[in-house]
Amino acid sequence: MQLIECQALTKLYGGASGVQVRALDGVDFTVSEGEFCAVTGPSGSGKSTLLHLLGALERPTHGNVFFQGHNLADYRDNQLSVLRRRRFGFVFQAYNLVQELTAYENMLLPVMLDAAKPDFHHIAYLTEVLGIGDRLNHLPGALSGGQQQRVAIARALANKPAVLFADEPTGNLDGASGREVLALLKQMNAELGITLVLVTHDLSIAEQADRIVRLSDGRLLPEACRQRDGQP
């Protein structure tokens with residue numbers, strides 16, 4: 001079932017000289033429920049901009065994003081905040097943990113912000129699968145990069161989102177830690193059925209996805225959206 005659709009998605013930014021920069025230029029594509037979709041391309045191709053628009057972190061200059069058939073252009077800013085908090089999860093290259101909170105408190109933060117009751121069974125599952133049970137009482141400064149990213153993943157999944165957006169989630173990690181984090185993201189996609197949209201410049205990571213979307217200069221390349229096995 002189709003979960004996300006973008007139509008003629010365009011994003012313009014004002015340049016330093018007053019010249020507009022076209023970060024995205026008329027992008028059309030869809031993401032299916034439960035899919036692992038990788039968005040790849042060179043630096044400056046529009047990958048992160050696309051993720052920010054799909055995740056309602058920014059609004060497009062032109063075009064529309066639909067989530068479960070609803071046009072995000074119809075949402076007020078406070079409604080988008082609620083949508084992001086309840087239906088979307090985000091993992092970034094920078095872990096973005098609150099340094100004054102323990103790993104466990106960071107995990108529960110989105111649930112607390114939503115004034116909801118945590119699903120402790122789900123939290124325990126995440127803690128076990130992500131292998132951070134012995135680090136819950138530690139502040140982020142006492143955790144390795146890989147451990148901090150695992151906590152960030154747990155935080156993103158604490159509210160049981162429909163889709164997880166990951167922007168270069170292995171970018172700050174060494175090779176072994178990066179492979180572990182990617183394996184965990186794939187496991188969450190498979191076991192929890194969470195749709196995964198992952199931005200990466202690393203083709204070896206992108207090739208592990210169900211589908212690859214390639215961007216260049218803000219546009220989809222002609223061979224974009226091929227299946228991992230090479231079939232259309």
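The model is predicted: local features require pLDDT of at least 70, side-chain atom pairs count only at pLDDT 80 or more, and totals for chains, interfaces and linings use all residues. Residues are numbered from 1 along each chain as its sequence is written, and side-chain values use heavy atoms, with hydrogens and water left out.

**Stop 1**

Select strand E2 (20-32) and strand E5 (70-71). Helices (H or I, at least four residues) and strands (E, at least two) are DSSP runs, numbered from the N terminus. The open sheet here has 4 strands in the order E2-E1-E4-E5, with antiparallel pairing; two strands pair if DSSP finds at least two bridges between them. E2 and E5 stand at the edges, each with a single partner strand, so one side of each is left without a neighbour in the sheet.

**Stop 2**

Select strand E7, residues 163-167. Buried means under 20% relative accessible area, exposed over 50%, and partly exposed in between (1.4 Å probe, protein chains only). In E7, 5 of the 5 residues are buried, so the strand is largely enclosed by the rest of the structure. Val-163, Phe-165 and Asp-167 point one way from the strand, whereas Leu-164 and Ala-166 point the other way. E6 and E7 run parallel and are joined by 5 bridges; in this pairing, Val-91 stands opposite Ala-166. E7 and E8 also run parallel, and 5 bridges join them. Here Asp-167 stands opposite Val-199 in E8.

**Stop 3: Thr-195**

Stay with strand E8 (residues 195-200) and select Thr-195. Is Thr-195 buried or exposed? Its relative accessible area is 0%, so Thr-195 is buried. The side chain of Thr-195 reaches the backbone nitrogen of Gly-34 at 2.7 Å. A polar contact is a pair of N or O atoms within 3.5 Å; within protein, one must be able to donate a hydrogen and the other to accept it, and residues adjacent in sequence count only if both atoms are side-chain atoms. Now display the surroundings: leaving aside residues up to four places away in sequence, Thr-195 touches several residues, including Leu-3, Val-31, Glu-35, Val-163 and Asn-189. Contact means heavy atoms within 4.5 Å.

**Stop 4**

Select strand E9 (residues 211-216), in which 5 of the 6 residues are buried. Strand E3 (residues 36-40) pairs with E9 in the parallel sense over 4 bridges, and Thr-40 stands opposite Arg-214. E9 also pairs with strand E10 (residues 219-220), in the antiparallel sense over 2 bridges. The bridge partner of Ser-216 in E10 is Arg-219. Which residue in the turn of the E9-E10 hairpin has a positive phi? With 2 residues between the strands, the turn contains Asp-217, whose phi is about 50°.

**Stop 5: helix pairs**

Two packed helices are described by the angle between their axes and the distance between the axes. Axes are lines fitted to C-alpha atoms, for helices over the stretch in contact, and angles run from 0 to 180 degrees between N-to-C directions. Angles under 35 degrees count as roughly parallel, over 145 as roughly antiparallel, 65 to 115 as roughly perpendicular and the rest as oblique.

Select H3 and H4, whose axes come within 12 Å and cross at roughly 130°. That makes H3 oblique to H4. Show the side chains of Tyr-104, Met-107 and Leu-108 in H3, which meet Phe-120, Ile-123 and Thr-127 in H4. Among the buried residues of H3 are Met-107, Leu-108 and Val-111; their cover includes helix H2 (77-87), H4 and H5.

Move to helix H5 (residues 145-157) and helix H6 (residues 175-192), whose axes come within 10 Å and cross at roughly 15°. H5 and H6 are therefore roughly parallel to each other. Residues that meet across this pair include Ile-153 and Leu-157 in H5 and Leu-184 and Met-188 in H6.

**Stop 6: positive phi in loops**

Most residues other than glycine have a negative phi. Select Ala-115, in the loop between H3 and helix H4 (120-130): its phi is positive, about 55°. Ala-115 is exposed, with a relative accessible area of 73%. Finally, select Asn-96, in the loop between strand E6 (88-92) and helix H3 (103-113). The phi of Asn-96 is near 55°, and at 45% relative accessibility this residue counts as partly exposed.
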